[in-house]
Amino acid sequence: MSAIQRNIEASSARYSASFTHGSLALPPAKKYLVLTCMDARIDPAQAFGIELGDAHVIRNAGASAQDALRSIVISQQLLGTNEIALVKHTGCGMLTFKNEDAYELVREKLGQEAVEELCQANLDFLPFPDLEKAVEADVEFLKRSNLVPNSVLISGWVYEVETGKTRRVV
């Protein structure tokens, strides 16, 4: 067993020993979802004031609305959320490369067969060169989507990893 697996096991034992939230409802109590990056420097619960059971938190590389759309539809249509807060962040890795760079890295580290699999899947890593414009573009993508009702409130934010502050972009 790895050190990570031992930590999960021990942490689970400590957490479950005093766990009292087993009766929370499946739908989030405050009926919203936060879409943010998978970056380990972001603690959505602490940074955005989310208590257990309040909201759905969707995380992916770059807080991509396109990548999260499946989860957004499930959150809204099956579980009743009616607001989206999209939060990208400073220092995001998605600002540092282009698709061609990612494909080349995969070729170097995993080989040509892996690149062919990427090509067959037509995988776009969805990098972006400008943080604020990426927030605006993802909010606009959600607003234009027929999969997100017009009644859903959508806002776009930037979390500053250097300060812990979150500022509204749109």
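**Exercise 1.** Which pattern does the chain follow when it is read along the sequence?

*Solution.* We begin by noting that the model is a predicted one. The next step is to count the elements, and the chain turns out to hold 6 helices and 5 strands. Placing them in order along the sequence then gives the pattern α-β-α-β-α-β-α-α-α-β-β.

**Exercise 2.** Work out what span helix α3 (residues 65-78) should have, and compare this with the distance between its end C-alpha atoms.

*Solution.* The expected span is 1.5 Å times one less than the number of residues. Because α3 has 14 residues, it should span 20 Å, and this agrees with its end C-alpha atoms, which are 18 Å apart. A further look along α3 shows a kink of about 40°, which is centred on Ser71.

**Exercise 3.** Which residues of α3 are buried, and against which elements do they pack?

*Solution.* A residue counts as buried when its relative accessible area is under 20%. In α3 this applies to Ala65, Ala68, Leu69, Ile72, Ser75 and Gln76. An α-helix has 3.6 residues a turn, so residues three or four places apart point the same way. The buried residues of α3 pack against the strands β1 (32-37), β2 (55-60) and β3 (83-89), and also against helix α6 (131-144).

**Exercise 4.** Which residue caps the N-terminal end of α3, and which residue just after α3 takes a positive phi?

*Solution.* At the N-terminal end, the cap is Ser64, which has a side-chain oxygen 3.4 Å from the backbone nitrogen of Gln66. Just after the helix, Gly80 takes a positive phi of about 80°.

Technical notes: Residues are numbered from 1 along each chain as its sequence is written. This is a predicted model: local features need pLDDT of at least 70, side-chain atom pairs count only at pLDDT 80 or more; totals for chains, interfaces and linings use all residues. Side-chain values use heavy atoms; hydrogens and water are left out. Helices (H or I, at least four residues) and strands (E, at least two) are DSSP runs, numbered from the N terminus. The bend at a residue is the angle between axes fitted to the seven residues ending there and the seven starting there. Buried means under 20% relative accessible area, exposed over 50%, partly exposed in between (1.4 Å probe, protein chains only). Contact means heavy atoms within 4.5 Å. A polar contact is a pair of N or O atoms within 3.5 Å; within protein, one must be able to donate a hydrogen and the other to accept it, and residues adjacent in sequence count only if both atoms are side-chain atoms.
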